[in-house]
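Open the model in your viewer and colour it by chain. The stops below go from the contact between the chains to a few local features.

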2 protein chains.
Amino acid sequence: MKVHGYGAVNPQAPVAPIEFERRDVGPKDVKIDILYCGVCHSDIHMVRSEWGPSVYPIVPGHEIVGTITEVGAEVTKFKVGDLAGVGVFVDSCRECPSCKKGQEQYCDEEMTPTYNGYYRDGVTQTFGGYSSTYVIDEAYTLHIPFTKELERVAPLLCAGITTYSPLRYAGVGKGHKVAVLGLGGLGHMAVKFAASFGAEVTMLSTSPSKEADAKALGAHHFALSTDPATMESLKGSFDFILNTVAASHDLNKFLGLLKVEGKMLLVGIPPEAAEVYAATLISKRRSIVGSMIGGIAETQEMLDYCAEHNILSDVEMINMKDVNEAYERVIKSDVKYRFVIDMKSLRD
Amino acid sequence: MKVHGYGAVNPQAPVAPIEFERRDVGPKDVKIDILYCGVCHSDIHMVRSEWGPSVYPIVPGHEIVGTITEVGAEVTKFKVGDLAGVGVFVDSCRECPSCKKGQEQYCDEEMTPTYNGYYRDGVTQTFGGYSSTYVIDEAYTLHIPFTKELERVAPLLCAGITTYSPLRYAGVGKGHKVAVLGLGGLGHMAVKFAASFGAEVTMLSTSPSKEADAKALGAHHFALSTDPATMESLKGSFDFILNTVAASHDLNKFLGLLKVEGKMLLVGIPPEAAEVYAATLISKRRSIVGSMIGGIAETQEMLDYCAEHNILSDVEMINMKDVNEAYERVIKSDVKYRFVIDMKSLRD
């Protein structure tokens with residue numbers, strides 16, 4: 001089917017109106033009219049081929065909430081009128097150990113990305129949520145257990161699960177001291193989740209202006225990472241550091257803040273390799289643990305948890321045509337904390 | 001008491017005969033006549049102040065086995081004539097969470113090193129096992145559950161526990177695929193322990209000449225890390241990599257060999273920071289985990305395990321006066337796999 005959206009035709013091009021061919025609704029597919037789509041920093045990286053060459057034309061967007069308007073003949077979990085969500089991937093091999101465990105994001109054959117890639121057939125291109133409509137297998141579709149503020153639900157599909165999953169994997173809870181590094185789309189969710197799980201949360205930031213914001217989000221403490229005396233006083237004090245920073249930075253400085261057996265949970269991908277001193281890890285049995293989004297089952301668990309505990313993203317709404325300006329502000333970290341596109345504006 | 005040994009008087013000096021003042025036997029101390037002392041690579045680093053300025057004169061040696069010749073009035077766990085071992089540390093604060101857990105190596109106040117440091121009083125210098133006699137609190141003394149081949153027991157006190165502890169912490173056992181990186185004093189013990197724990201062990205090495213040795217030690221497979229095709233075929237195949245390499249090397253190349261949730265256990269301390277790409281960890285939920293020697297209880301457990309399973313170090317015996325030549329061979333990795341000083345030769 002022909003679908004309207006916004007995308008880019010090459011790495012230098014702005015994101016602009018585009019028409020593209022979306023796959024038709026198969027027997028196990030649902031068709032979603034998109035209500036809201038979050039603007040993730042990775043949209044910008046991929047539109048500009050900053051993480052290797054992208055597939056053009058590219059239509060970004062992988063934080064999608066909408067309403068189901070059509071279901072295939074074999075669909076059992078959704079019906080027309082249901083709210084539905086789409087996250088970072090829309091298929092996987094379904095047969096490898098990770099897929100069988102419901103950790104499709106670590107699929108041995110690589111997950112099928114929501115955009116900037118191909119379906120399992122290797123030829124049909126995927127296009128993201130900066131568009132009117134998405135078609136997706138119900139097995140990779142999320143139920144949305146909210147009835148209002150749906151624009152604040154959209155970023156949970158990427159920023160939410162990306163921070164929820166490592167905190168759960170690490171077993172973060174009551175009695176733990178957790179530091180969050182970076183107060184952006186991911187960091188603001190990390191603060192909310194860590195506090196909700198019962199941990200004592202410290203926001204570590206280079207900017208004193210973020211203290212009030214961090215505390216409003218639920219952080220118990222704020223620490224200025226540029227202040228040597230503060231950093232010295234925090235040595236060996238955290239059980240976990242959730243590191244959301246995607247810019248190059250000195251990991252060792254923060255690894256030293258971990259207790260014995262403390263873990264740095266890494267979810268941001270800086271463009272360059274980080275230098276790690278073995279002695280910093282070895283001397284206190286510290287770890288660095290990577291984590292990438294979450295599987296479908298865990299993403300659903302996260303959405304259900306958010307509904308139960310009233311956890312939502314803090315967002316700034318924009319119209320579709322203003323997305324290029326939003327990108328510039330994302331790059332400057334000038335957003336509290338996620339831009340979300342009101343997809344009604346696509347039809348304006 | 002006056003004690004004879006071998007030590008260095010400054011970072012440029014060779015290791016040569018020296019007389020020094022060892023503390024007297026206190027009520028909780030035992031006095032050990034040293035039979036054997038292993039030559040650890042860290043002896044060389046510290047003699048030469050390669051890990052920061054050392055305390056001179058320095059008498060190295062922290063892989064010590066000997067016979068108890070005197071016990072203090074309050075000693076309960078040892079008697080004259082018992083065999084005893086001394087490892088990398090001889091005291092700690094005894095009050096911090098790590099000490100209370102029996103993980104004295106991670107003491108908040110820093111462990112007291114067997115040499116190149118000071119006792120808790122901050123002024124009495126510690127001297128190591130390249131000497132006739134050691135005096136140590138019984139609480140930091142190991143029982144030696146062997147009656148013969150004691151020279152092969154000495155390296156267990158550092159090389160043994162350094163590899164045993166991370167494998168136990170990570171829960172390595174049957175069904176796991178483990179790669180060992182580096183076939184030296186640590187690596188050869190890592191192969192023995194991992195195989196003994198039931199894992200399928202692969203030696204990863206840059207040198208084809210090590211294949212026969214690795215297999216003789218118990219490795220099931222040998223892989224040449226300099227061969228791109230071999231490395232490609234091993235991608236995503238190991239549950240654990242025990243990395244014993246103390247020279248600077250590319251971690252990312254090996255991190256990619258780990259499965260989903262695979263862990264690199266880091267015990268070698270290269271002089272420079274390692275570059276780590278966040279994406280390599282994130283894309284498969286991989287971890288890097290540091291580990292340093294082991295606590296007294298775990299070191300005893302390791303010794304008991306070795307006695308039960310007949311695990312010993314492979315050693316080359318040397319006389320005390322030949323230690324400087326041995327150092328040059330250690331630096332060239334020309335030793336199978338640990339030099340051990342026969343301390344009888346000190347009296348020659």
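**The interface**

Start with both chains shown: 37 residues of chain A are in contact with 37 residues of chain B. The model is predicted. Together, chain A and chain B bury about 3100 Å² between them, and 57% of that area is on carbon and sulfur atoms. Select A:Y169, A:I282 and A:R285 next; these supply 25% of the area that chain A buries against chain B, more than any other three residues.

To see where the contact surface comes from, highlight these elements of chain A, each of which gives two or more residues to the side that touches chain B:

- α3 (159-169)
- β16 (258-266)
- β17 (274-276)
- α8 (278-282)
- β18 (287-290)

Colour the residues on that side of chain A by type, and they divide into 19 nonpolar, 8 polar and 10 charged.

How many salt bridges does the rule find across the interface of chain A and chain B? The number is 0. Polar contacts do occur there: the count between chain A and chain B is 13 residue pairs, with both residues at pLDDT 80 or more.

**The strand pair and the axis**

Zoom in on β17 of chain A and strand β17 (residues 274-276) of chain B. The two strands pair in the antiparallel sense, over 3 bridges. Pick A:V276 to find one such link: its bridge partner in β17 of chain B is B:A274.

Now superpose chain A on chain B. This takes a rotation of 180 degrees with 0.0 Å of shift along the axis, and the RMSD is 0.0 Å. The two copies are therefore related as by a two-fold rotation axis. To place that axis, select A:E275, whose C-alpha is the one in chain A nearest the axis, at 2.3 Å from it.

Which surface does each copy use? 100% of the interface residues of chain A are also interface residues in chain B, so the copies meet through the same surface.

**Backbone stops**

Go to A:Y337, in the loop between α10 (323-331) and β20 (338-342) of chain A. The peptide bond leading from A:K336 to A:Y337 is cis, with omega near -15 degrees. Then move to chain B, where B:Y337 sits in the loop between α10 (323-331) and β20 (338-342). Here the bond from B:K336 to B:Y337 is cis, with omega near -15 degrees.

While in chain B, select B:E261, in strand β16 (residues 258-266). Phi of B:E261 is near 65 degrees, which is a positive value in a residue other than glycine.

**A salt bridge within chain A**

Over all chains, the salt bridges come to 40 by the rule used here. For one of them, show the side chains of A:D314 and A:R152, which meet at 3.1 Å, N to O. A:D314 lies in the loop between α9 (296-309) and β19 (315-319) of chain A, and A:R152 in the loop between β11 (142-143) and α3 of chain A, so this pair ties together parts that are 162 residues apart in sequence.

Terms used:
Residues are numbered from 1 along each chain as its sequence is written. Chains are lettered from A and ligands numbered from 1 in the order in which they are written. This is a predicted model: local features need pLDDT of at least 70, side-chain atom pairs count only at pLDDT 80 or more; totals for chains, interfaces and linings use all residues. Side-chain values use heavy atoms; hydrogens and water are left out. Contact means heavy atoms within 4.5 Å. Buried area is the accessible area (1.4 Å probe) that two parts lose on being put together, summed over both. A salt bridge is a side-chain nitrogen of Lys or Arg within 4 Å of a carboxyl oxygen of Asp or Glu. A polar contact is a pair of N or O atoms within 3.5 Å; within protein, one must be able to donate a hydrogen and the other to accept it, and residues adjacent in sequence count only if both atoms are side-chain atoms. Helices (H or I, at least four residues) and strands (E, at least two) are DSSP runs, numbered from the N terminus. Ala, Val, Leu, Ile, Met, Phe, Trp, Tyr, Cys and Pro count as nonpolar, Asp, Glu, Lys and Arg as charged, and the others, Gly among them, as polar. Two strands pair if DSSP finds at least two bridges between them. Copies are superposed by least squares on the C-alpha atoms of residues with pLDDT of at least 70 in both.
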